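Hello,

Here is the structure I promised to pass on to you. Please have a look at it, and then read my notes below.

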Amino acid sequence: MKKARLLLLLVLALPPGARGETIYAVTGSSGYPSDFALLRFDSASPGVMQRIVPITGDLWGTEASLELDPTDGTLYAFAFWQCQVLCPYEPVRPFILDPETGASSSADWPGLPFTEGWASDKDIHPLTHELRFFGPGNQNYRYSLDTLDLHVDAPLDYPGSGYAIAHSPGGLDGMGIETFALGYPTEPGDDLYLLRIGGPGGKPSANSGEVTVIGPVDARGGVRGFDISSSGAAYFSTHEYAYGSGDVSRLYSVDLQSGATQELGEIAVPGWTSITGIAVAPLGPGVVEIPALSRTGL
C-alpha cells in the first residue's frame, strides 16, 4: 500500500501533460565502441534523461542510426565510420542492441548493399517486414528480414535527396501504411522538406519511387533521425554546432499532413557529442502507457 501511495505521489508530481512517448537515441562516437551511448527519454521532456548506458560489444564506428522492429521490438543500430578526409565509401553495418544493457552483436544480413556516405536513417515496414533505405543517386532499396533478399525498386522520382525515412502504423488490419521521408532539394542551402514515398494510403507503394512533396519543414540543424510511433505521432532529431557552446541536439514533432513542426526541446546529450539516430518505442501486448494527467486527477 505504501509503494502504491508513493507511486501515485510521484505521478501527481509530474506537470500536467508531461507524459509523452518513450524514445531511444544513440550518440556519436570517436571510433571506439565504448564511446557510443544509448539514451532513453520521454518525448514530452527530452531535456531529462531516463537512462544512459554505454554501448558495448561488436558495434564500432563514428555514427549510428537506430530502428525498432515494429513486429518484435528488436532494436537495431546501423553503424558507419565517418571519414574526415577524401576516402572511399564505407559500408554501414547492422547490429542488434539490448535496450537495457547496451550490449551489441552483429546481425548477419548477407547481400545488404550498405555502401554510402553517411549512416542515413532506415525503417522497417510493419506489414511486409522489409527494411527500406535509400542510396546514392536516389536509389530505392528494400531488404526482406524474413528471406534476407534484396530488392532494387524504382529510383526516387525527386531531384533532391531523401535522408530519413519512417512508416506510418496504418489501420488495425495493417493496411493504409504510408512511407515518409525527410529530404533536401538539389540546391544547397534550400529548406528541408517532408516527402511521401508512394501514394496516399500506400497505393502505389514506395516500390514505385513516386515522390510527393508535402511541405517545407522548419527546423534548426541537420536531420539525425526520424521515426513514427505506433500512435501515429512523428518525431525527428537534429544536430547543430553552435560556436562557443558546442553540439546541440533538438527533438521535433512533425505533422504528416502538412509538414508543420513543433520544437519539443533540446535533448540532454551527455558531454560534447550529438544524437545520430532515434527510435520510438512501440506499444504492444503487456506495454502500458500512463496517460497524461489533467489538473482534476487521474
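Six nonpolar, twelve polar and six charged residues make up the lining of the second largest pocket. Please keep in mind that this is a predicted model. The pocket holds about 300 Å³ of space. Its lining has 24 residues, and those nearest the centre are His-125, Thr-128, Ile-177, Gly-202 and Ser-205. Two elements, strand E12 (130-135) and strand E17 (192-197), each give two or more residues to this lining.

The other part to look at is strand E6, which covers residues 75-80. All six of its residues are buried, so E6 is largely enclosed by the rest of the structure. In a regular strand, side chains alternate between the two faces of the sheet. Here one side of E6 carries Leu-75, Ala-77 and Ala-79, while Tyr-76, Phe-78 and Phe-80 are on the other. Every one of these residues is buried, which leaves both faces covered.

Which strands does E6 pair with? One is strand E5 (residues 63-68), which runs antiparallel to E6 and is joined to it over six bridges. Another is strand E8 (residues 93-97), again in the antiparallel sense, over five bridges. Ala-77 is a handy residue for finding your way: Leu-66 stands opposite Ala-77, and in E8 its bridge partner is Phe-95. In the hairpin of E5 and E6, six residues lie between the strands, and Gly-73 has a positive phi near 80°.

Happy exploring, and best wishes

Notes
Residues numbered from 1 in each chain as written. Predicted model: local features only at pLDDT ≥ 70, side-chain atom pairs only at ≥ 80, totals over all residues. Heavy atoms only, no water. 1 Å grid on protein atoms, 1.4 Å probe; cavity = no way out; pocket = protein on both sides within 12 Å on 5 of 7 lines; lining within 4 Å. Points joined across faces, edges and corners; volume = space filled by probe spheres on them. Helix = DSSP H or I, 4+ residues; strand = E, 2+ residues; numbered from the N terminus. Nonpolar A, V, L, I, M, F, W, Y, C, P; charged D, E, K, R; others polar. Buried < 20%, exposed > 50% of the residue type's maximum accessible area, 1.4 Å probe, protein only. Pairing = 2+ DSSP bridges.
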